[in-house]
Amino acid sequence: MSHIQSIDPATGAVVWEGAAAGRAEVDAALRRARRAFPGWAALAVEDRVAAVQRFKAVLEARKEQIAAIISRETGKPRWEGLAELGSMIGKVGISITAQAERAGERRSDMPFGAAVLRHRPHGVMAVLGPFNFPGHLPNGHIVPALLAGNTVVFKPSEMTPATGAAMAEAWAEAGLPEGVFQCIQGARETGEALVSGAIDGLLFTGSAGAGAHFRHLFADRPDVILALELGGNNPLVAWDGDVEEAAAIVVQSAFVTTGQRCSCARRLIVPDTAFGNDLVEAVAHLSGRLLIGAWDETPEPYIGPLISSGAAAKARAQFEVLVERGARVVEPFGSVEDRSAAFVRPAMLDVTGVSVPDEEIFAPVLQVCRVADFDAAMAAANDTRFGLSAGLVSADDGLWQRFVLESRAGVVNRNRPTTGAAGSMPFGGLGESGNHRPSAYYAADYCAYPMASFEASDASGNMGALDGKLR
Ligand code: NAD
């Protein structure tokens with residue numbers, strides 16, 4: 001039996017270790033989930049609402065404790081761990097509203113009786129989570145899936161098993177019936193056993209590579225609902241305005257969570273003018289002032305380390321490929337003195353006129369592209385196989401109208417960071433960023449299928465339709 005362990009990336013200390021579930025255990029979990037499904041699905045929605053409310057109460061009571069686990073395991077500063085817990089708690093109320101609004105029951109009177117729209121759960125849902133929001137993002141699948149009446153088998157990222165274990169404890173304390181929510185630990189092999197098992201849905205947030213793999217894997221399984229929330233190579237067009245304010249938007253977009261948000265800006269598109277030059281300089285200056293440190297340090301850092309030294313090495317290699325291709329270094333990909341190898345400094349490259357790969361660099365690396373006019377800016381922004389987030393910094397309403405019309409992305413912000421998102425709105429991307437099953441508020445849509453019914457209380461009146469048409 002293989003083991004996994006998670007490591008505090010700031011100190012190298014082991015945070016969690018334990019056995020990885022093998023195929024037999026995964027299948028046993030799926031059988032328990034299958035057995036639990038009919039009873040859970042048959043409950044009145046109010047009973048499931050009460051269960052997720054109990055879960056919310058547990059999260060509220062343990063907010064500090066679980067936020068500290070998230071911060072320690074991912075390296076994100078305490079303020080961010082607490083914000084993530086806040087999102088998880090907020091998700092419950094939002095999901096209850098979304099379930100009622102988008103997936104509730106509607107009845108209209110008909111001459112024969114009624115037309116009724118219901119939403120029915122799919123069955124057993126597998127949830128695979130990423131490491132960067134190890135609580136909030138899987139929670140964004142789990143809460144709506146349970147509310148809709150599905151049962152869930154959740155595998156957290158192998159980088160963040162302690163967070164998964166803390167979530168499982170919270171659900172256990174909420175007192176769900178046996179088999180309704182289960183957490184299994186493990187790395188890719190465990191995930192593979194889960195997705196090849198008897199599931200009715202895969203709710204996945206993670207890398208585009210894994211998402212593409214799942215699209216192929218389930219090509220001949222139309223019975224399995226597939227919701228994919230993947231990465232991006234997100235553009236931020238900064239066109240005019242106050243240079244300092246614009247730089248603050250760029251820095252937050254590109255470097256928050258040490259660049260480990262799917263919605264982070266990866267590409268900064270600026271006019272080839274004095275404004276563009278000043279902005280690049282201001283971004284470099286501001287990013288050099290960001291406090292970097294371990295999650296529990298005082299004063300609180302803005303960013304912590306990357307998830308691992310391996311992630312830092314991978315991002316450094318991607319940075320070097322760009323340099324080899326001709327990109328000019330604005331800010332180097334630097335390590336941080338007296339810190340573990342997972343700590344890196346925000347880096348910037350000017351890739352104007354350089355052919356660069358359309359890949360996500362999941363780290364604080366920003367690529368600057370200077371363009372002659374707004375047509376070229378729009379073309380550059382959309383020149384990607386992804387389509388998750390995009391942003392415009394401009395006070396010009398006309399440019400914003402164009403940006404909204406022409407942007408190919410699911411989250412399109414103006415004068416706000418590209419990472420700005422809310423549970424009360426849909427969240428999802430186009431192209432290689434997803435599969436048109438947006439999450440957040442719209443998760444209710446993929447957690448249940450609509451069932452249309454025409455209903456009469458007895459069979460009378462049906463012969464009338466054949467009147468005069470019979471031999
Ligand atoms: P990842 O794809 O490596 O792993 C995610 C989960 O899937 C893990 O639990 C992993 O064990 C499992 N997994 C990976 N490959 C698998 C396979 N072939 N079979 C079965 N299970 C498999 O992602 P990550 O590195 O943890 O997360 C970072 C990525 O997630 C980034 O690309 C980021 O952009 C993306 N992301 C997207 C969103 C979004 O909402 N669109 C949000 C956060 C992160």
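Domain 1 and domain 2 bury about 1800 Å² between them, and 65% of that area lies on carbon and sulfur atoms. The values in this report are computed from a predicted model. Domain 1 is made up of two stretches of the chain, 3-230 and 434-455, whereas domain 2 covers 234-414. The C-alpha centres of domain 1 and domain 2 are 31 Å apart, and the contact between the domains involves 20 residues of domain 1 and 23 residues of domain 2.

**The interface between the domains**

Seven residue pairs are in polar contact between domain 1 and domain 2, with both residues of each pair at pLDDT 80 or more. On the side of domain 1 that touches domain 2, the elements that give two or more residues are α3 (63-74) and α4 (78-103), and the largest share, five residues, comes from α3. By residue class, this side of domain 1 divides into ten nonpolar, four polar and six charged residues.

How many salt bridges does the rule find across the interface of domain 1 and domain 2? The rule finds one. Glutamate 80 forms a salt bridge with arginine 261, and the closest N and O atoms of this pair are 3.0 Å apart.

**The ligand site**

There are 28 residues around the ligand, and those that come nearest are Lys155, Glu158, Ser207, Leu230 and Glu360.

| Residue | Protein atom | Distance to a ligand oxygen atom |
|---|---|---|
| Glycine 129 | backbone N or O atom | 3.0 Å |
| Lysine 155 | polar side-chain atom | 3.0 Å |
| Glutamate 360 | polar side-chain atom | 2.6 Å |

Most residues other than glycine have a negative phi, and most peptide bonds are trans. Against that background, two places in the backbone deserve a look.

Which residues are joined by a cis peptide bond? The bond in question joins threonine 298 and proline 299, with an omega of about -5°, and proline 299 is found in the loop between α10 (274-288) and α11 (309-324).

The other place is threonine 257, a residue other than glycine whose phi is positive, near 55°. Threonine 257 is found in the loop that runs between α9 (243-255) and β11 (265-271).

Terms used: Residues numbered from 1 in each chain as written. Predicted model: local features only at pLDDT ≥ 70, side-chain atom pairs only at ≥ 80, totals over all residues. Heavy atoms only, no water. Domains from an automatic or database assignment. Contact = heavy atoms within 4.5 Å. Buried area = accessible area lost by both parts, 1.4 Å probe. Salt bridge = Lys/Arg side-chain N within 4 Å of Asp/Glu carboxyl O. Polar contact = N/O pair within 3.5 Å; in protein donor to acceptor, adjacent residues only side chain to side chain. Helix = DSSP H or I, 4+ residues; strand = E, 2+ residues; numbered from the N terminus. Nonpolar A, V, L, I, M, F, W, Y, C, P; charged D, E, K, R; others polar. Near = heavy atom within 4 Å.
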